[in-house]
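The structure comes before the text.

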Amino acid sequence: MSAAEPQREAGAPATSAAEPLLQVRDLRVTLDTPRGRADALRGVSFTLRRGDTVGLIGESGCGKSLTGLALMGLLPEGAEVAGSMRFDGREMVGLAEDEWCRLRGDRMSMVFQEPMTALYPLNPDGRQIAEPLLLHLRMDSRAARAEALRLLERVRMPQAARRLDAWPHQLSGGQRQRVLIAIALACNPALLVADEPTTALDATLQREVLQLIGGLVHECGMALLLISHDLGVMAENVDRTMVMYGGTVVEAGPTAGVFARLAHPYTRGLFAARPRLGLPRGTRLPTIPGRVPELADLPHGCPFADRCDRVTPECRAAPPAPVPVAGDDDHVARCIHLDASMAPTRRDEADA
Amino acid sequence: MTPLLQVERLGKQYRLPRQRLLGAAHYVQALDEVSFTLQAGRSLGVVGESGSGKSTLARLVTALETPTSGIVRFEGRDLHALPAGELRRARAGFQMVFQDPFGSLDPRQTVARIVGEPMEAQARSSAVERRERAGEMLAAVGLRTADLDKYPHEFSGGQRQRIAIARALVTQPLLIVADEPVSALDVSVQAQVLNLMQDLQERFGLSYLFISHDPAVVDLVCDDVIVLYQGRVVESGPADRLLRDPEHDYTRRLLAAAAGAVPHPTRS
């Protein structure tokens with residue numbers, strides 16, 4: 001057994017303190033599509049330290065979920081992965097399936113979008129929460145049941161003791177999402193990936209569930225990768241935001257900075273398209289022309305080139321490199337027209 | 001003038017599954033004493049959280065379900081009192097667009113068949129006519145006539161919602177009941193569909209009964225708003241007034257929840 005027995009404490013580093021929990025470098029994924037093999041992720045890089053909360057935003061088909069699935073070793077069959085994903089001091093690219101199984105649900109776990117289908121309909125909730133405890137922590141079934149109850153209380157399930165023996169179909173969407181969060185947190189993972197955890201829930205419930213996740217992440221010192229297409233969700237819940245388009249991160253930085261500067265034309269387009277209270281009746285919203293291209297149709301250079309209003313021939317020459325935004329090394333965007341795209345609302349802090 | 005749609009003291013009870021075999025059945029009042037009037041050419045927004053009765057209202061107004069009490073008048077006629085044949089013909093006047101663009105289109109039918117089907121139900125058209133008209137409607141929603149022979153899986157979420165709108169338009173209705181038509185769409189696609197719906201309203205003189213949990217979306221599209229809470233209308237009025245200066249406590253909370261979720265890019 002070469003795999004080290006996983007650490008129980010999320011906060012306890014398995015390696016030297018200097019190494020971040022998760023380091024993704026130039027992650028590339030190619031997939032089989034009906035039109036042949038295509039590059040789905042094209043060099044994604046980012047770092048997560050313990051306690052970091054990072055958001056991944058973009059439209060469907062931009063590679064957000066695929067990034068989450070790659071981190072969990074859950075890519076579709078036929079996917080090829082290149083680059084590096086170091087987690088807990090260990091390279092995950094090329095792990096064997098049984099090694100993934102030891103990591104998943106233990107050191108890292110994922111909350112999925114669809115609370116209606118993510119639970120197994122033929123097992124009571126308590127047993128589904130106990131499963132990772134039995135598998136990874138080798139608890140006996142009584143201890144696991146007791147721990148499952150404690151977890152249900154932790155995710156603030158109303159009448160937790162009664163819900164232990166409830167079936168998934170007896171729960172509302174919000175309650176099911178709480179069960180899924182309890183399952184994800186059961187083994188105290190160091191990394192939590194939440195893929196659109198509240199998209200299927202309504203607005204008031206959304207905030208509650210996100211606050212729950214945020215609180216638990218903070219309490220346990222986990223790192224959180226939150227995937228969402230909802231800009232409002234990002235603004236409130238993560239310290240850093242990465243905007244994805246065409247399989248690359250086109251803009252990344254502290255959430256406040258990204259939202260204040262909207263450096264990349266794509267980020268800007270996303271914000272402009274949001275309906276806001278108080279717009280006069282009949283206003284037409286500014287839209288991003290066209291739609292997210294199929295993977296096989298992504299342009300060679302900047303992936304956004306075909307939809308961008310600032311496109312020039314240079315944009316199509318090569319994929320743009322990340323450029324610091326407004327002289328801030330912590331905030332980067334992949335656009336060769338950065339100054340121009342920010343010009344209309346350039347703010348005083350831009351000292352370049 | 002007869003209002004396009006008049007809803008009077010509408011109520012709907014659903015029976016809950018029995019807890020015990022011989023126990024008394026329990027009921028839930030999904031909708032209770034809901035009344036409003038919608039004039040032709042205007043649009044009414046219905047806001048409220050899930051479980052507030054929004055979708056029940058949509059299903060009653062489109063006569064997909066029968067109310068426990070109350071009346072739905074479409075162009076002055078009590079829909080739920082119409083004989084089946086007349087009701088089917090009356091359906092040409094009101095159509096529905098659903099939230100889920102993946103679940104609401106039959107994956108085994110071509111777009112031509114899907115869009116033309118409401119005409120078929122009206123039983124007075126030839127296949128050639130239907131196909132021609134379906135093509136016109138596709139063009140109206142920004143798709144191509146060449147898309148007629150494709151299947152739903154060949155389209156993105158936004159395009160599917162356009163197909164659903166084309167299907168709703170094909171009988172030249174006066175009213176479209178849209179139940180969360182943009183909630184499942186990405187931000188920029190949502191904007192495209194909202195713009196399209198407004199263009200179509202101007203072009204065809206449509207009225208919308210527009211159901212949404214997002215007050216900003218309703219504010220954009222609707223003249224008037226009703227707020228549903230636990231099956232009852234707690235507040236109603238012009239969108240401009242109600243969404244800026246709400247009177248009911250629940251409306252305030254709903255707006256606060258939505259406002260809290262809106263980022264402010266202008267902040268320094």
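A salt bridge is counted when a side-chain nitrogen of Lys or Arg lies within 4 Å of a carboxyl oxygen of Asp or Glu. R284(A) and D199(B) form such a pair, with their closest N and O atoms 2.7 Å apart. Across the interface of chain B and chain A, three salt bridges are found.

The model is predicted, so local features need pLDDT of at least 70 and side-chain atom pairs pLDDT 80 or more, while totals for chains, interfaces and linings use all residues. Residues are numbered from 1 along each chain, chains are lettered from A, and side-chain values use heavy atoms, without hydrogens and water.

In contact (heavy atoms within 4.5 Å) are 37 residues of chain B and 38 residues of chain A. Chain B and chain A bury about 3,200 Å² between them, 54% of it from carbon and sulfur atoms; this is the accessible area (1.4 Å probe) lost on being put together, summed over both parts.

A search of the whole structure gives zero disulfides (cysteine sulfur atoms within 2.5 Å).

| Cysteine | Nearest cysteine sulfur | Distance |
|---|---|---|
| C62(A) | C302(A) | 12 Å |
| C335(A) | C308(A) | 6.2 Å |

C62(A) is buried, with a relative accessible area of 1%, and C335(A) is buried too, at 9%. Buried stands for under 20% relative accessible area, taken with a 1.4 Å probe and protein chains only.

How values were computed: Buried < 20%, exposed > 50% of the residue type's maximum accessible area, 1.4 Å probe, protein only. Buried area = accessible area lost by both parts, 1.4 Å probe.
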